[in-house]
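Hi,

Here's the model I promised to send over.

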Amino acid sequence: MPFIYRWLTSVQTQLLGPRCVLCRAPASLARELCGDCEQELPWLTHACVHCALPLTGTVGITRCHRCARQPRFDRALAAFAYDQPIRWLITRLKFDGRLAHARLLGDLLAERVVHAGLDAPEMLVPVPLHPSGYRRRGFNQSERLARRIARVQRRPVASGLVERVRDTVAQSTLSADRRAANVRRAFVCHGSLAGRHVAIVDDVVTTGQTALAVARCLRTAGAARVDLYCVGRA
Ligand SMILES: [Zn+2]
Ligand SMILES: [Zn+2]
C-alpha cells in the first residue's frame, strides 16, 4: 500500500503539479521554482542606483564612480548578478524559446522593483529587436519580461514606441569599446514623450551601451525620467 500511495502521488505530481525549472522538485502553484533554488539565486543586493553595476565594499555607497560624475539612468535595478543559473535561464529563453523562463524571471524582477519602492513609470519600454531578429526568434524576450512587470505595476508596455532600425552585430561578440559605436543611431523613438516617466526593460545589461542608446532616444523624444529594469547585470 505505501508503495502504491507513493507511486500515485508521484504520478499525480507529474501530471498536475508544477516543477522547479532548475531541480525538478515540486514547486508552488505561483511559480516554477522551488524555495531552495529561489534562495540560492545570485540576487543582486548592493548595486549602483543609476546603472545597477554591482558594488563591492562599503554598504553606504550607492553609486559607482562613473554615475557619481554623470548618472546613466535616473534609477536602475537589476534583480540578479549575471551568473549561473540566471545565464542558463536566459540563454534557454532566447535560443530555445522557453517562454516559461520569461514568466519566471519577469515575476522575480517585478517583485524586486516593487520591493525597492521605485515609482511606477507611465509605461514600460522593452529594448526592441531588429525586425529580422524578431522574425528569427519569433518573440522579443525583453517584451515578454516587460509584460510580467506591467501586470504588477498596472502600466502599459509600449512595444512599438522604440524601433531598432539598424541590424547591429550581437553586443556579446564585441569588445567593450566597440559596443557604443555598434548601437549608435540603432534606435528611433516614434512619438513625443514630453515630460513622461518611462522605464526601459532588458534581459541582460553588460556594458550598458544598448540600454543607454535606447535611453538617449527616449530623452531626445522628451522623456523627463528614464529608469532601467533588467534581470541580469554583469
Ligand atoms: Zn529547485
Ligand atoms: Zn553606476
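Predicted model: local features only at pLDDT ≥ 70, side-chain atom pairs only at ≥ 80, totals over all residues.

Residues are numbered from 1 along each chain as its sequence is written, chains are lettered from A and ligands numbered from 1 in the order written, and side-chain values use heavy atoms, without hydrogens and water.

There's an open, parallel sheet of four strands in the order β1-β6-β5-β2 (strands are DSSP E runs of at least two residues, helices H or I runs of at least four, numbered from the N terminus; pairing takes at least two DSSP bridges). β1 (75–81) and β2 (123–126) sit at the edges with a single partner strand each, so one side of each has no neighbour in the sheet.

β1 pairs with β6 over six bridges, with alanine 81 partnering arginine 233. β5 and β6 share eight bridges, and histidine 197 is opposite arginine 225. Four bridges link β2 to β5 (residues 197–205), one place being methionine 123 with valine 198.

β6 is mostly covered, with eight of its nine residues buried (under 20% relative accessible area, 1.4 Å probe, protein chains only).

Helix α4 (residues 86–96) lies across β1, β5 and β6 (225–233), while helix α7 (residues 141–153) lies across β2, β5 and β6 (contact is heavy atoms within 4.5 Å).

Cheers

Technical notes: Axes fitted to C-alpha atoms, helices over the stretch in contact; angles between N-to-C directions. Buried < 20%, exposed > 50% of the residue type's maximum accessible area, 1.4 Å probe, protein only.
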